[in-house]
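Thank you for passing this one on; my remarks are set out below as numbered points, to be read alongside the sequence and the coordinates.

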Amino acid sequence: MSAKILVVEDEEKLARFVELELKHEGYDVKTEGSGRAALFEALANNYDLILLDIMLPELNGLEVLRRLNKEKPTPVILLTARDAVMDKVSGLDAGAVDYITKPFAIEELLARIRVALKLHPVSGAGGGVSAPADNAKAKGQLTWGPLVMDIPRHRVTMDGHEITLTNREFLMLKTLLDNTDIVLSRDTLLEKVCGYEYVGETNVIDVYIRYLRSKIDNVFSVKMIRTVRGVGYVINAWES
Ligand code: CA
């Protein structure tokens, strides 16, 4: 089954162009031109991905993103105007998985869509859900002792206690758990968590590590994320 994508863009020509291109790629596409209609549509139906313009009538894209994220973890790529740095920052903080600056080359948009769909599979959407398998990895789970990361459901639990993470914290934890015993540099983490075009300080990685520790290590008295001085961060494989 093809992935379902909601395109939210009030510039009709651009919306139509993107819709046609995505359909040509085989995606199942719907378009909305206002923030309010988009939020309604995104809540009523399960999409694999939403392309969300920020400047929208009725309800702006960031507000749509905030309200949507309270209800479900549908991955969102923001479409931002050139140089709107604040929009990018608040968008990523609000939980967008990526952003693309207008005007963009369609090939770049398609590439980012493929990455977002791969990194953020949504369970229960049109993306074709495979039959449950026995081992954790096949179910889309990463585990570290009592900690279970359920990737399709975007849930993290420790001994059954739910840990609420933002999209970026989730991505950071997933990246570290995907690479246990491998020390990841701040640059590598930055690329995985913030996207390859992120321009800014690599110390945002330290900030996200601190958030993760405050939600996991400090709360559950574990030493999960280790700092390797001068290199980066690592989660060592669980040893019972
Ligand atoms: Ca617009």
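This is a predicted model: local features need pLDDT of at least 70, side-chain atom pairs count only at pLDDT 80 or more; totals for chains, interfaces and linings use all residues.

1. The calcium ion has as its protein donors D10 (OD), D53 (OD) and M55 (O), which lie 2.1 to 2.3 Å from the ion. Along the chain these donors follow the spacing D-x42-D-x1-M. With a relative accessibility of 3%, D53 counts as buried because the cut-off for burial is under 20%, whereas M55, at 61% relative accessible area, is exposed.

2. In helix α2, which spans residues 35-44, the buried residues include G35, A38 and L39, together with E41 and A42. These residues lie on the same side of α2, because the arc that they cover around the axis is only 165°. Among the elements that cover the buried residues of α2 are the strands β1 (4-8), β2 (28-32) and β3 (49-53), as well as helix α3 (61-71).

3. Helix α6 (residues 167-178) and helix α8 (residues 203-215) have axes that come within 10 Å and cross at roughly 90°, so that α6 is roughly perpendicular to α8. On the α6 side the contact is made by R168, E169, M172, L173 and L176, while α8 contributes I205, Y208, I209, Y211, L212 and K215. By class, the residues of this contact between α6 and α8 divide into eight nonpolar and three charged, with no polar ones.

Methods
Residues are numbered from 1 along each chain as its sequence is written. Side-chain values use heavy atoms; hydrogens and water are left out. Axes are lines fitted to C-alpha atoms, for helices over the stretch in contact, and angles run from 0 to 180 degrees between N-to-C directions. Helices (H or I, at least four residues) and strands (E, at least two) are DSSP runs, numbered from the N terminus. Angles under 35 degrees count as roughly parallel, over 145 as roughly antiparallel, 65 to 115 as roughly perpendicular and the rest as oblique. Contact means heavy atoms within 4.5 Å. Ala, Val, Leu, Ile, Met, Phe, Trp, Tyr, Cys and Pro count as nonpolar, Asp, Glu, Lys and Arg as charged, and the others, Gly among them, as polar. Donors are N, O and S atoms within 2.8 Å of the metal (3.2 Å for Na, K and Ca); water is not among the atoms, so sites may look incomplete. Buried means under 20% relative accessible area, exposed over 50%, partly exposed in between (1.4 Å probe, protein chains only). The arc is that of the directions from the helix axis to the C-beta atoms.
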